[in-house]
Structure formats: C-alpha cells, structure tokens
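Please keep the sequence and the structure in view while reading.

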Amino acid sequence: LIKSTGNQLNLTLRFLMAKKFLKICALLFFLFVITGEAFAESEITKDLKQTIEKVIEIVSDPELKKNPKLKRERLRQTIGVRFNYTQMVMRSLAKNYKDRTDKEREEFTVLFKKLLENSYASKIENYQNETINYVDEKIKGKYALVKTQIVRKDATIDVDYKLINEGGEWTVYDFVIEEVSLIRNYRSQFSKIIKTESYGALVARLTKKIKALETNQDKDLENL
C-alpha cells in the first residue's frame, strides 16, 4: 500500500512538473510572438524597409537598366525621402558647420546630397539578389538604430541605420557598414582638408568628385 501510494505521489509530482514546464514554454512562446510582432510592426523599421525594397526594385528593373539616367533619378527620389541631408551635413562638418554662412550651408548641402546619392546609388547598383534581414531595432528618445544584415553566398555584411525623429518623421542621418560610419568617415576627411587647406578647397574637391562619379570616371566611393 505504501509503495502504491509512493508511486502515485511520484506520478502526481511528475504531472505537476510537466504541466508547469508546459506553462513556462507557452509563456515564452507567447512573449516571443508578442516581441516578434512588435518589432515587425514598428513604423520605423517598416518605413525603412519599404525604402530599401523600393531601391532594390529600381535597381532590379530590366527596363531601367537600359536607361541609367532615369534609373539614377528614380534612386535619388526614393532615397531623398528617407535621408536627412541637413543632419548629415551638420554632423560631417561638425564644428566647421557653425562657421559657415546660410548660403554656404545651403550650397554645401546640395553638393553633399549629390555626393551621397551617387555613392549610395553606385553601391546599391551592385545588388545581386542578396537577402536582407532586419535583425534588431533600438529606440532612445528621438534616436533609433535599425540593424540589418545583407546575406550573400560567401559572407554576411552588417549594415546599421541611424535615424532621428524630427517633426514626427524618422529619417536616416548615418549608416554604418561593417562598423564603419559613413558620416564619421566623411567628417574625418572634411576636417583634414579644411584644416590643411581651406573650406573653399573642400568645396572644389567635392565638386570635382561628384563630376567624376556622375561620368563614371571615379570608382572610389569613400575617399575625396
């Protein structure tokens, strides 16, 4: 009788433990689903994803491949909606920004916009059916970080997009490829040229660089 009672007690304990384990599993699954949905439905990632998908659509369009000029224009229009060129200029010029007149800032923004459009367009035009995964999103006040991965046959490339909220709209002010910040790279070069030469020399270099990129005479997208 004692043995029978002991067996029943063990079975009851096992049943309760199994039931508790299943409840924990169910809870973890529920949390995973909720977290996954929250990330998937984020307006920040959703809007960025729509822009990237539109860019890929343009690059992959067989008809647009026959018309490079039109393709570049479509790319400019698409990324122009999502990129915050004013923030990019302020951050790339850093302390030198405050020394510029309103006219100089306006002219430099136009130049920087052309530089980035051509650089980004040249990079994205090499797209060869890679998979883009959206792996994480972090928000801190008016700033956000969307982490993505470009998965190729032979490698995975980390690309992080930094965004800022201005007037309720999230726009990209920097992107980091394999831990290399686009804005930090430009800021280093801009600062060095202004310090060793002049602001005018920087404008002249940018103008020359843009012309070379637009005529496919220059393939170096990172350096002036």
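This is a predicted model: local features need pLDDT of at least 70, side-chain atom pairs count only at pLDDT 80 or more; totals for chains, interfaces and linings use all residues.

## Lining of the largest cavity

The residues that line the largest cavity divide into 7 nonpolar, 1 polar and 1 charged.

By name, the lining of the largest cavity is made up of Leu-48, Thr-51, Ile-52, Ile-79, Arg-82, Phe-83, Tyr-120, Tyr-161 and Val-172. Two or more of the lining residues come from each of helix 2 (43-60) and helix 4 (68-82), and helix 2 gives the most, with 3 residues.

## Extent of the enclosed space

Rolling a probe the size of a water molecule over the atoms shows where empty space is left. How many cavities of 30 Å³ or more does a search of the whole structure find? The search finds 1 cavity of that kind, and the space that lies in the largest cavity is about 40 Å³.

## Fold and contacts

The protein has 8 helices and 5 strands, and along the sequence these follow the pattern α-α-α-α-α-α-β-β-β-β-β-α-α.

When contacts between residues at least 6 apart in sequence are considered, 52% of them join residues at least 24 apart.

## Burial and surface

Of the 224 residues of the protein, 34% count as buried, where buried refers to a relative accessible area under 20%. The protein exposes about 14600 Å², and carbon and sulfur atoms supply 55% of that area.

Terms used:
Residues are numbered from 1 along each chain as its sequence is written. Side-chain values use heavy atoms; hydrogens and water are left out. On a 1 Å grid over the protein atoms alone, a cavity is a set of points where a 1.4 Å probe fits but cannot get out, and a pocket is an open set with protein on both sides within 12 Å along at least five of seven lines; lining residues have an atom within 4 Å of a point. Grid points are joined across faces, edges and corners, and a volume is the space filled by probe spheres set on the points. Helices (H or I, at least four residues) and strands (E, at least two) are DSSP runs, numbered from the N terminus. Ala, Val, Leu, Ile, Met, Phe, Trp, Tyr, Cys and Pro count as nonpolar, Asp, Glu, Lys and Arg as charged, and the others, Gly among them, as polar. Buried means under 20% relative accessible area, exposed over 50%, partly exposed in between (1.4 Å probe, protein chains only). Contact means heavy atoms within 4.5 Å. Accessible areas come from the Shrake-Rupley method with a 1.4 Å probe; for residues, only the protein chains shown count as cover.
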